[in-house]
Amino acid sequence: MKFTLRDDGKRLFLVCLGALIFSFNMKSFVRAGNLLPGGIAGITVLIQQIGNEYFHVSIPYSVGNLLLNSVPVFIGIRFVGKKFTLYSCLMIVVSSILTDVLPVQPITYDELLVAVFGGLINGFAIGLCLMGKASSGGLDIVAVYLSRRWNIDAWNYTLMLNAVILATAGLIFGWDRALYSIIFQFTSTQVVHAMYQKHRQHTLLIITNHSREVYTTISQCTSHGATVFRGIGSYDGQERDMVYSVVSSDEVKMVLKNVREVDPAAFINTLRTDYMTGRFIQKKED
């Protein structure tokens, strides 16, 4: 693992800011609205509430959250990336401690407003962590792994798993809370889906007279390959090469910038790729 002041300073700031916003949301919206967040955080809150309701035992949020995140952290270290998991652990620890320390500060008691705006803030906090190349832990680590391993949009699958958790809470504590919590989770998932683009791919069609240099640039930037097609320009009748490649969405801007440096006259068409099969290299999170 390599650490640089600029990149890691930015990541540290985003992760800590995400942890602060996540904790604030837990105490100002989730607790005030008596909702259940999804994932490991939701299971932790559910265990806390069962302990208070049926066993009269007060379980600190930090203890339950840290213990339950041990398995996702192992998955992150083994399959996703050590540095990514290290920053995710920072998010888990800081947000857990702040959730126990910060006082409850309700902003509104309207359950629908709590569900919608709490979900927006929750999704934004998770999105900040993902922008910092980390996660909020729990199912987010699993979602990142599935997105990288099978090139799928795993965030909506986590919503389905969260629905199972919330259904369990509905059976125990009542369906009103569970249904409002589903709205909270759906809103949060859509915000994360909008902010986190790395699992998506784009197809590049590049018409150029410098196909070898363009391919070398794509390979160096992304480690992805390319296919070169030979064609004839209909306007001037001259032979042209078309470089075809698929890259991740977060790599597009960098690739286009470098291709322009190699061939300022290149004609580039970028297409969003909704479905793809075959070998596609996904780098480990760093």
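Reply:
**The sheet and what packs around it**

Ile 232 has Glu 239, in strand 3, as its bridge partner. This is a predicted model: local features need pLDDT of at least 70, side-chain atom pairs count only at pLDDT 80 or more, and totals for chains, interfaces and linings use all residues. Residues are numbered from 1 along each chain as its sequence is written, and side-chain values use heavy atoms, leaving out hydrogens and water.

Some terms come first. Helices (H or I, at least four residues) and strands (E, at least two) are DSSP runs, numbered from the N terminus. Two strands pair if DSSP finds at least two bridges between them. Contact means heavy atoms within 4.5 Å.

Strand 2 and strand 3 (residues 239–248) are joined by 6 bridges and run antiparallel. Within this pairing, Phe 229 faces Met 242 of strand 3. The hairpin of strand 2 and strand 3 has 6 residues between the strands, and Gly 237 takes a positive phi near 70° there.

Next, the other side of strand 3. Strand 1 pairs with strand 3 over 8 bridges, also in the antiparallel sense. Gln 201 stands opposite Ser 248 of strand 3.

What about the interior? Buried means under 20% relative accessible area, exposed over 50%, and partly exposed in between (1.4 Å probe, protein chains only). A nonpolar core is a set of buried Ala, Val, Leu, Ile, Met, Phe, Trp, Tyr and Cys residues joined through side-chain atoms within 4.5 Å. The largest such core has 25 residues, and Phe 22, Met 26, Leu 35, Leu 36, Tyr 61 and Met 91 have the most contacts inside it. Helix 1 (5–30), helix 2 (39–55), helix 5 (82–101), helix 6 (111–131) and helix 8 (155–173) each give two or more residues to this core. Helix 1 gives the largest share, 8 residues. Apart from this core lies another, of 12 residues, including Val 214, Val 247, Val 259 and Ala 266.

Not counting residues up to four places away in sequence, its contacts include Gly 42, Val 45, Gln 49, Leu 166 and Phe 184. Gln 49 sits in helix 2. Gln 49 counts as buried because its relative accessibility is 16%.

Ser 136 lies in the loop between helix 6 and helix 7 (139–150). Ser 136 is buried, at a relative accessible area of 15%. Leaving out residues up to four places away in sequence, Ser 136 touches Met 91, Ile 92, Ile 126 and Cys 129.

The protein has 11 helices and 4 strands. Its C-alpha trace spans about 80 × 40 × 30 Å along its principal axes. Of its 286 residues, 47% count as buried. Among contacts between residues at least 6 apart in sequence, 76% join residues at least 24 apart.
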